[in-house]
Structures are given as structure tokens and as C-alpha cells.
Amino acid sequence: MTDPADLAVTIVDGYVDEPAHFGVPPYISTYPRYVAGALVDAGVPREAITYHTIDALRDERERWRDVDDADLLVYVGGMTVPGKYVGGTPAEPDEVKKLAWTADGTTLMGGPVRFGVGDENAGGIETERDDLDYDFVAKGDVEAAAYDLVHGGMEGFSDRMRDNGEIARWAREGAFVVEQHPNHPDYLICEMETSRGCPYRCSFCTEPLYGADPSFRTPENVVGEVSALADHGVRHFRLGRQADILAYGGDGEAPNPDALRALYGGIREAVPDLGTLHLDNMNPITIVEWPEKSREGIRIIAEHNTPGDTAAFGLESADPLVQEENNLNVTADECFEAIKIVNEEAGWRPGGPSDARAAERASGDSREPGDRADAPRYGDDAAPRLPKLLPGINLVHGLKGERAETFEHNRQFLQRVYDAGLLLRRINIRQVMAFSGTEMAETGAELARDHKQQFKQYKREVRETIDNPMLQRVAPPGTVLPDVHMEYHQDGKTFGRQLGTYPLLVAIPGERELGRTLDVAVTDHGYRSVTGVPHPLDLNAASMDELAAIPGVGRGRAGDIVVDRPYESVAEVDAELERFATVRTPESAD
């Protein structure tokens, strides 16, 4: 028997991306935090637990000593939906194997990697289960396996799922590990679990493998975890670990506004200096079947969250045939109605007239579609912000029954949403990954491969005809994005993002210091990104490139502005520039 107090443990985070769970930086998923808490609960001292991200191991070779020297190596990771990432690069299978080969101690692997791995982290592929040369693979919850393995003297464990009572302890006990994340404290957002499992069984989705009956954590337990994380310097949170936020605290399907009020109100009370409070998944069928309770729940969320929030809608396909063959639970018409309701209840922008109407909405008043932010009106003192909460649409290709008409069904649906003047924060188009245990395992990636070229052409068309004009509607020129974190340089520009759900990628002229934050005003739009300038831009100090980026200025006029400096007011140049600019004199400079 090995005494837990004598163990040195290294946790390596290879990142996760699941239908209802995200952990690629700047996110940290629940897995490493819960594993750390389980180890402490089993008797391992906090100071004996080391945490590394896969990117940190890539960047600093000396960190591999912690892998080599550990008595127990716990690897957590796995991608069950494909994506493209800016803040980090998920571990590839060969890297995961290298960890096992390097470690001298016992090795344990867990997380969604247990569902299978492919040759790469991409869509349109098939996967298979593989132990990747680890001593143990947790076929249940990796945190439960870590606890049982250590508590039992390192002699093995039974595959099991943990319960909410254990998570209530482990979530708080493991909060300390966030301090070892390379992004801590300023550029780190914690993924929060409110429930697992899903009552619906879409053919491709791994979430029902966690249980057909969602298991909800109490508001007190979630708020307690938030409070513990805040004690370790975290100010940014996303309620992303659930299939449907509106169903929280209810019977698994119908909304429970009282539970949402306790959850969101408790988080706000626990972290008075909250930076970000966003969510991820919201099931459109819930909104359609329980419209009044859903409206109330959406209003509660919009009252407590921070701007720019996104509720991901799993439409998956607007093709009726694909819907039927894959057990998809919402039709295109139903999804359209759900989009409309979220726009009405939460598509308002802080600071303008719509903000003043928030109290009316909280008492039951709903905005008409024509009173939306596609033609925003703002107060004289308020810089426009992103809407409080908007829907995002998920579309999956390569599903059973897909045909040429499927692509046209999806295009027509998105065009219908745009033509109605509604807002979508983002459209996520991907090809399916087929995992054992789901119905798609039988079909595999054959359809996705067959339709690859058509998929690429269709995706490009959507980006050009829907994404770009929709983004102009969501974030018109002059929209202010506070606290944009500078991440990397490219082509003479600095690129950054806010913390939050599906944050906009922002390009700023010039190479600015990385790791800093800036308030940015939007000046132009790509398909899924924007160009901006620091806000407010000082006309007496701005560069030519910054001035030229402002709509209506251009390089010629920017040159004239520079030549005629200094100014005492923006009006000396053009009052229209007050959306973007200010004038600072040496006496008024910070």
C-alpha cells in the first residue's frame, strides 16, 4: 500500500472540446480542477500536486522533469468536436503517448479521450478507443478514478461516475490548481459545470453517454466553487458544462426560472468584482415548448450576465430528412422562433435606450423585432456595446441522410434569419466526428468525406453572404469592446480577444505589447473577426494606420490630421469622429 501523503503527482492538461464542455486556453476545464481536488481529498498534499498545460510543456522543456519524476501522472484531454483554436493547441495522439513513455511512475489517462481518438483533431474523421500506452484508462470519470486509485494505495480502481456530493468537495479543494495555469490570473476563464447528461439522443453527440437524465448541481454548490476560484484570483466564468442552461434545476427539460435566479444571483453576490459571466448551450426546443418560462429565464440571464454572451443552439441541420434520421429534436421553424425570442428578450445593448427598458422586460415586457440592435440607438454618453445575449447556431455536416439538398436547406434557413432582421452572434459549421457508443459510429465519416468539396464551397458562401453582413449588424462601427487581451502579432497588426464565449478576434494596427488589455472600438469587419482601434483614440498621438482605419478617414485624410496636430477638441477635425476619438493634451494626460 502506498501512502497518499508520500506521492508526487503531475496533472497534464491536453485540453478538451466536447458538445457541452470546453477547456482550450484561455479556458480551463473542470477536469484538472476536479482531479486535483479528488487527489487532495484522497490524502495527497496540495504542494505535491503539479499542473502543466500541453502548451507549457511544448514551450519549456524543463517542465518535462515533472512528468518524468512523478509517482503518478494524470493526463486529461480529448476532443469530441473539432475546432480551430487561437489560445492553445490541443494535444495530438503522438504527444499523449510521449507523456506515457516519459513518465517513470504510474500513468492514468481520462476525460473525453476515453471515447476515442483519431489520427488528428479534425472533423470528418472516424475514431477508435486506444489506451495510448497508459497503465490505466478511466472509462468512467477520471476524477473518480484518481481518487479511488490513490485512496486504494495505487492498486487499481473500478470504472465509475462520480456523484454531485463528491464534486461539491472536489471542486472547492481543487480550485488552487488554477494558480499554476500559464494564463493565471488575468487571462483565464473557468468552465463551470451545472449538470451533465441530456434527455435527447442526437445520433452524433457524446453528451447522452454521461446519462439520459441530467444530474443538476445545486446553486449553492456551483456558487461555492465560484467563490473558491475567486479566492484564487479568478474573475471570469462560463456556465458551459450543461446541455441546456434553461433546463437547469428542473426536471431535465422544462425551465426553472427560480433555480436560474438563485444561480446567477449567487454568482454575482459571490464575486462583486466579476469580470465575465457567460454561458454556452441553450436548447431551442425548450424555448419553443415552454415559451413563457423560457422568456423569464432568458431575462434573468440577461440581467446578470456580461455583454457579448452567446447561447449556442444545436439546430445541427435544417434538412427535415437529416433531422429525422439523426433524432434531432428541433425543426428549422422551431429554431427560428427560438432565435426570435432570445433576440426580443436579451438582444439589448447596455448603455442605450434598450438598457433603460431592461426593467420593463424583467416585469414581462418583450421587445418587438423592429426594436432590435440591427439599427441601434444609443444614449449621448454611452458608447455602444455588444448585445447582452444572442443565439449562436451549430450546423453539423456528414450526418446520416445528408444529400445535396441539405446544404441548400441550411443556406435558406440562415438567409431567412438574416432577412428577418434577427441577430446571430456566430454560426459554427463543422463536419461530424464519429465516436463509438453513438449512432453515427455505424455511418462513420463516409458522408463527410464524400461531400468534402461541396462542404468547403458552401461554408465559404455562408461566410461571405451571411457571416460578414451579420457581424456588421451585431457589432456596427463604433461598438466598444472593453478589455481586449493582446495575443499575437501578424502582418504589422496585433490580434486579441475578450474573455468570453466565442469572443471576436480583433485586429489592431501596429505591434502592441502582448499580454496587455485595451478597450477597442470596431472599425471594420471580416467574416468572423473585426478590425478596431484603441478607444478612445487620441487624435494628438494616434498613428497614421490607426487614423486611416476609422471609417470615412482613409490615408489621405489621416495624413492631414497628423500634419495639423495638436488639437484642442475632436470637433476641430470632425464631430463625427467622437464615436472613436478624443483629444488629450499634456496637462490632461494620465
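## Strand pairing and the open sheet

Two strands are taken to pair if DSSP finds at least two bridges between them. In this predicted model, strand 3 and strand 9 (residues 189–193) run parallel and are joined by two bridges. Within this pairing, Ile-28 stands opposite Cys-190 of strand 9.

Both strands belong to an open sheet of four strands in the order 3-9-12-13, with parallel pairing. Its edges are formed by strand 3 (27–28) and strand 13 (276–279), each of which pairs on one side only.

## Helix 1

Helix 1 covers residues 30–42. Its 13 residues should span 18 Å at 1.5 Å a residue, and the end C-alpha atoms are 18 Å apart, which agrees. At the start of the helix, a side-chain oxygen of Ser-29 comes to within 3.3 Å of the backbone nitrogen of Tyr-31. Just after the helix, Gly-43 adopts a positive phi of about 115 degrees.

Helix 1 is mostly covered, with 12 of its 13 residues buried. Among the buried residues are Thr-30, Tyr-31, Arg-33, Tyr-34, Leu-39 and Ala-42.

## His-304 in helix 10

His-304 lies in helix 10 (residues 291–304). With a relative accessible area of 13%, His-304 counts as buried, because the cut-off for that class is under 20%.

The side chain of His-304 reaches the backbone oxygen of Ile-300 at 2.9 Å. Leaving aside residues up to four places away in sequence, His-304 touches Tyr-264, Gly-265, Arg-268 and Leu-277.

Methods. Residues are numbered from 1 along each chain as its sequence is written. This is a predicted model: local features need pLDDT of at least 70, side-chain atom pairs count only at pLDDT 80 or more; totals for chains, interfaces and linings use all residues. Side-chain values use heavy atoms; hydrogens and water are left out. The expected span of a helix is 1.5 Å times one less than its number of residues. Buried means under 20% relative accessible area, exposed over 50%, partly exposed in between (1.4 Å probe, protein chains only). A polar contact is a pair of N or O atoms within 3.5 Å; within protein, one must be able to donate a hydrogen and the other to accept it, and residues adjacent in sequence count only if both atoms are side-chain atoms. Contact means heavy atoms within 4.5 Å.
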